[in-house]
Amino acid sequence: MSPRKTAPGKTALAALFAALAALVGVLVAAPGQAAVRAAAPVRIMALGDSITGSPGCWRALLDRDLRAAGHTDIDFVGTLNPDGCGFAYDGQHEGHGGALVTAVADQDQLVGWLAASKPDVVLMHFGTNDVWSARSTATVLAAYGKLVDQMRADNPSMKVLVAKIIPMAASACAECPQRVADLNAAIPAWAAGKSTARSPVTVVDQWTGFATGSDTYDGVHPNASGDRKIADRWFPAVVAALRGVTPTSTTTSTTTTTTTTTTTTTPPPGGGCAAEVRVANQWPGGFSAEITVRNSGTTATRGWTVRFEARGGMSVTQGWNGTFSQTGTTVTVGNASWNGALPVGGTAKVGFNGSGDASGWTPTAGCAAA
């Protein structure tokens with residue numbers, strides 16, 4: 001009696017079931033191995049100027065609030081590292097002190113930041129320095145549009161949250177309050193025209209209800225209550241974006257570390273500080289710079305003073321997070337009321353805008369601690 005032959009189709013089907021059974025056996029035998037790669041966290045970039053980055057403690061509050069509400073699968077990204085805000089938080093960002101959104105757009109700076117960080121969601125509070133520098137509303141909105149185009153070129157599904165910027169009441173810029181109002185009034189119509197189903201542009205109103213007298217320390221930059229208000233306004237918009245985001249990458253998140261060279265002076269016994277002045281941005285006829293003050297002593301400071309020499313023709317036009325004075329080319333910066341007390345190893349960030357040519361300018365800063 002000849003052996004029974006099996007139909008070729010049945011043979012193939014049997015082989016498929018055998019393969020599936022083998023795979024199930026492997027998964028059951030190795031429960032400690034993940035069967036499916038976990039989805040990458042949603043990558044969030046905070047983009048702006050010193051209101052976002054110096055120290056921008058609203059970002060710390062927002063990160064903590066999101067995680068407390070169960071949104072733990074997030075990663076704040078950027079090429080800049082976080083500052084101290086009193087507790088640990090995920091603080092990488094793109095808050096460049098003194099930056100103009102028009103300059104960032106004109107110089108295509110965002111392209112490199114996007115390539116390094118690959119965000120899925122961008123929170124943009126940008127334009128304060130443009131208002132101060134009398135850039136027109138139309139010019140600022142054109143810059144916004146270019147940045148959104150660059151975001152979409154990097155990630156076609158980018159979710160963009162654009163703030164109506166917080167109000168200004170600086171004595172050195174009497175026209176700024178109205179300029180802010182004009183810009184904010186134009187943002188919703190611009191956003192509606194720029195938004196798409198795949199890459200929505202959402203307006204977050206940071207302006208209404210924000211009081212410069214009680215929510216800033218200088219009429220421009222938020223204090224603790226201002227940080228709390230800014231975080232609270234971002235929160236629901238970020239949550240809505242998270243619910244609709246599919247991350248574009250499934251690779252392990254990496255953090256870009258910015259390395260800087262610090263000029264350190266030898267501290268006296270017990271107390272001391274070191275300071276570095278770094279040019280952060282330049283444009284024709286002007287620049288912005290960042291000062292990092294570090295407690296390099298062995299006891300906490302009660303205050304600090306930094307001095308450095310400007311180049312001839314340079315002058316400080318606007319400063320934040322400290323008190324500024326200039327005599328000739330000598331610039332003196334003292335701590336603000338809230339950032340003079342630094343623990344051992346602690347740092348404070350101070351920023352300023354200046355007029356003049358800063359090309360190649362690398363001043364050596366002296367620092368004295370109380």
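1. Cys85 counts as buried because its relative accessibility is 18%, where buried means under 20% relative accessible area, exposed over 50% and partly exposed in between, with a 1.4 Å probe and protein chains only. Its partner is Cys57, with which Cys85 forms a disulfide whose sulfur atoms are 2.0 Å apart. A disulfide is taken here as a pair of cysteine sulfur atoms within 2.5 Å. The pair links distant parts of the chain, 28 residues apart: Cys57 belongs to helix 3 (residues 57-68), and Cys85 to the loop between strand 2 (74-77) and strand 3 (94-95). Helices (H or I, at least four residues) and strands (E, at least two) are DSSP runs, numbered from the N terminus. Cys57 is also buried, because its relative accessible area is 15%. The link of Cys57 and Cys85 is left-handed, with -90° about the S-S bond.

2. The model is predicted: local features need pLDDT of at least 70, side-chain atom pairs count only at pLDDT 80 or more, and totals for chains, interfaces and linings use all residues. Residues are numbered from 1 along each chain as its sequence is written, while side-chain values use heavy atoms, with hydrogens and water left out.

3. How many disulfides does the rule give? The count comes to 3 disulfides. With the bonded cysteines of the protein numbered in sequence order, the pairing reads 1-2, 3-4, 5-6. In general terms, a disulfide is a covalent bond between the sulfur atoms of two cysteines.

4. Cys173 and Cys176 are joined by a disulfide, with 1.9 Å from S to S. The link of Cys173 and Cys176 is right-handed, at 80° about the S-S bond. Cys173 is buried, with a relative accessible area of 3%, and Cys176 is buried with a value of 0%.

5. Cys273 and Cys367 form a disulfide with an S to S distance of 1.9 Å. Cys273 lies in strand 7 (residues 273-283) and Cys367 in strand 14, so this pair ties together parts that are 94 residues apart in sequence. The disulfide of Cys273 and Cys367 is left-handed because the torsion about its S-S bond is about -110°. Cys273 is buried at 3% relative accessible area, and Cys367 counts as buried at 16% relative accessibility.

6. Is Gly360 buried or exposed? Gly360 counts as exposed, because its relative accessibility is 70%. Gly360 is placed in the loop between strand 13 (347-355) and strand 14 (366-369). The C-alpha atoms of Gly360 and Val279 are separated by 9.1 Å, and the two residues are 81 residues apart along the chain.
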